[in-house]
Amino acid sequence: MKKQAGELDTDLFQTDPCRFLENAIKNYVLTSPLNHLTAFDNSPIVDEPLVGFADGDDPIFRELKTVIGEFHLTPREIMEKYISEKRWRFGVTGGIDRVGVVSWALPLTCETRMIERSSPFGGSPRYNHSRWIGIRLYESVEQYVASLLEVLRCNAVAPVQSKFFEIKQMPGDWMAANWSERHVAYACGLGTFGLNGLMITSRGCAVYLGSVICDRALTPTPRAESRVAYCPYFTDGSCGLCIEHCTGSAISKDGRSNIACLKNLRDVQAGKVINLGLDKELVGPAPACGRCSTGLPCEDRIPSAAT
Ligand code: SF4
Ligand code: SF4
């Protein structure tokens with residue numbers, strides 16, 4: 001029988017769940033009514049997503065307890081917490097057999113990146129709307145993927161939207177989350193870290209990341225051996241342009257300081273933007289800044305020196 005528009009291809013899910021999920025995520029993002037900058041001619045917020053997968057029991061997730069902190073949860077720990085708190089445990093009869101992770105990157109459109117390039121302190125109105133109006137889209141993709149998987153008789157949860165998600169104050173006055181989308185994206189083969197602290201994907205680092213865990217095996221996407229393979233600064237000492245491009249002095253040869261970044265956005269940049277009268281078209285609770293992801297060789301691709 002001919003499938004209706006929007007009908008789920010459940011046969012494909014049974015034979016190739018990764019392709020099914022990749023198709024579903026791309027289709028959702030490209031057709032979502034939330035993927036529009038209503039204040040900017042309704043143009044899209046993001047382009048077609050990149051999608052990657054990992055085995056939730058891959059040792060890399062346990063390593064994150066050393067890299068980030070013991071509190072960083074593995075996919076299996078999150079799945080166990082999620083299932084044990086379900087009041088109605090449909091179809092859950094014993095232990096969890098397999099755990100899969102799907103991660104995606106939503107690339108900002110070319111037009112938004114171009115405008116942000118020339119913004120003196122970052123946070124052009126278009127970039128600002130992509131950040132704050134876009135949140136509804138970014139969260140809805142996670143809700144869609146998790147509910148889609150549950151409809152297909154899996155248990156599935158978006159860690160950052162779960163009740164287990166926490167951001168902790170760390171010694172040295174910095175904050176760390178117990179589910180790092182960037183490290184998870186690396187584990188799922190979406191890219192590697194840049195000196196700017198962002199994930200350099202095949203569509204660059206001007207992307208928004210999201211992920212969902214499920215109790216279904218997903219075939220891992222191959223990943224680069226080194227966590228920093230795509231940033232020339234780490235491979236041959238070249239580039240380093242993000243250091244100068246950050247007007248908040250938050251990036252150095254040692255990488256990105258999240259504390260310095262936050263301090264700049266809160267204490268310095270907001271005042272400059274208001275004094276210059278550039279805040280009139282802005283939305284959201286705080287300044288947004290894209291100077292470490294735009295106007296750089298890693299903005300929309302893996303820099304050639306690193307390939
Ligand atoms: S600007 Fe250059 S050094 Fe900085 S993250 Fe991008 S590629 Fe790496
Ligand atoms: S590190 Fe922070 S202040 Fe510096 S460019 Fe990036 S977002 Fe802006």
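These legends walk through several close-up views of a predicted model.

**View 1. An open sheet of four strands.**
Let's start with the sheet, whose strands line up in the order E1-E2-E8-E3. The pairing is antiparallel. Look at the two ends of that order: strand E1 (50–55) and E3 stand at the edges, and each has a single partner strand, so one side of each is left without a neighbour in the sheet.

**View 2. Where E1 meets E2.**
Here we zoom in on one pair of strands. E1 and E2 run antiparallel and are joined by six bridges. To find one pairing for yourself, pick out Ala54, whose bridge partner in E2 is Val101.

**View 3. The buried side of helix H4.**
Which residues of helix H4 (residues 75–84) are buried? They are Pro75, Ile78, Met79 and Tyr82. These residues lie on the same side of H4 because they cover an arc of only 100° around the axis. Their cover includes helix H3 (59–67) along with strands E2 (100–107), E3 (156–157) and E8 (207–214).

**View 4. The largest nonpolar core.**
In soluble globular proteins, nonpolar side chains tend to be buried together. The largest nonpolar core in this model has 69 residues. Val102, Ala105, Val145, Met199, Val207, Val212 and Ile213 have the most contacts inside this core. Which helix gives the most to the core? That is helix H7 (residues 134–151), with seven residues.

**View 5. Met199 and the residues it touches.**
Now we follow one member of the core. Leaving aside residues up to four places away in sequence, Met199 touches a set of residues that includes Ala105, Val207 and Leu209. Also among the residues touching Met199 are Arg182, Tyr186, Phe193 and Cys205.

**View 6. The surroundings of ligand 1.**
Around ligand 1 you will find 14 residues, and the closest are Gly194, Cys231, Cys239, Cys242 and Cys298. Helix H9 (232–236) and helix H10 (241–245) are the elements that give two or more residues to this shell. Sorted by class, the shell around ligand 1 has eleven nonpolar residues, three polar ones and no charged ones.

**View 7**
Among the residues around ligand 2 are four cysteines to look for: Cys246, Cys261, Cys289 and Cys292. Helix H11 (residues 258–275) gives the most to the shell around ligand 2, with three residues. How many residues of each class does this shell have? There are seven nonpolar, three polar and two charged residues.

Definitions and conventions
Residues are numbered from 1 along each chain as its sequence is written. Chains are lettered from A and ligands numbered from 1 in the order in which they are written. This is a predicted model: local features need pLDDT of at least 70, side-chain atom pairs count only at pLDDT 80 or more; totals for chains, interfaces and linings use all residues. A residue is buried if 20 or more other C-beta atoms lie within 10 Å of its own, exposed if 12 or fewer, and partly exposed in between; C-beta atoms are placed from the backbone. The arc is that of the directions from the helix axis to the C-beta atoms. Two residues are in contact if their C-beta atoms, placed from the backbone, lie within 7 Å. A residue is near a molecule or strand if its C-beta atom, placed from the backbone, lies within 6 Å of it. Ala, Val, Leu, Ile, Met, Phe, Trp, Tyr, Cys and Pro count as nonpolar, Asp, Glu, Lys and Arg as charged, and the others, Gly among them, as polar. A nonpolar core is a set of buried Ala, Val, Leu, Ile, Met, Phe, Trp, Tyr and Cys residues joined through C-beta atoms within 7 Å. Two strands pair if DSSP finds at least two bridges between them.
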